[in-house]
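Q: Please take a close look at one part of this structure with me. I would like to see how it connects to its surroundings and to the rest of the chain.

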Amino acid sequence: ERLSEEMERAVLKRSAISNRYSKSGEKKDTSGKSKNTASMELTQASLKKKIAALKKDSRELAEETTRYTTAIEQRRNQLSEMTSDLERETSSYGEAEETNNQLQTIMNDLLYQKQLNQERIAYRQKYSKRLREITQTGIDISQALPVERRLLAASQGLDDVREIIQDLQQSHPHLNEVLARVTAMADPALDIDLPD
């Protein structure tokens, strides 16, 4: 409405200005009114129509603005819901990824354990086979000294490997898990009962 009032004032000012500059050329008709007054009345009537049309347009624009504002608000709500859904899904994905990593670690540990056990079984089988051979053929006494030397050298070598692994664990703590596995592999853990 304020807009329409301002428009009315602007139109009235315009007609006042046009009246001022056209007074010199005015001619009076028989009734004593100027010709401009009739055209002014027509102008005022057309202005009223224009004002009515402007008011109608203004109402339509206000309604359209309200519709757009409502649509924008609905979009904002949808975007907010989508954002919260995305955050939930991202969180769920992160948890699934963490679970996957844990399961992968467990699986790697089990595979490592399986491999270690297979190696120990193979070593024990080899050891048992050697013991059976010795029990069948007997021990050559002349070979006792070289066997003891080889055993002592192998034990020292194993101790050296364990020392190197411990040094690596101290200097590279991020490799502790892997080096602990290597240490476990360096321990044959033979629990074989010797025959009487």
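A: Let's start with arginine 130, which counts as partly exposed because its relative accessibility is 49% (buried means under 20%, exposed over 50%, and partly exposed in between, with a 1.4 Å probe and protein chains only). This is a predicted model, in which local features need pLDDT of at least 70, side-chain atom pairs count only at pLDDT 80 or more, and totals for chains, interfaces and linings use all residues. Residues are numbered from 1 along each chain as its sequence is written, and side-chain values use heavy atoms, leaving out hydrogens and water.

What does the side chain of arginine 130 meet in a salt bridge? Its partner is the side chain of glutamate 133, at 3.5 Å from N to O (a salt bridge is a side-chain nitrogen of Lys or Arg within 4 Å of a carboxyl oxygen of Asp or Glu). Side chains of opposite charge can pair when their charged atoms come close.

Helices α2 (35-137) and α3 (144-171) each give at least two residues to the lining, and α3 has the largest share, with eight.

Now follow α2 to two other pairs. Glutamate 73 and arginine 76 form a salt bridge at 3.7 Å, N to O, and they lie three residues apart in α2, about one turn of the helix. Here glutamate 73 is partly exposed at 39% relative accessible area, whereas arginine 76 is exposed at 54%. Aspartate 85 and arginine 88 form another salt bridge, at 2.1 Å, N to O, and this pair in α2 also has a spacing of three residues, about one turn. Aspartate 85 is partly exposed at 35%, while arginine 88 is exposed at 52%. The structure holds five salt bridges, so these pairs are among them.

Stepping back, the chain has four helices and zero strands, and 6% of its 196 residues count as buried.
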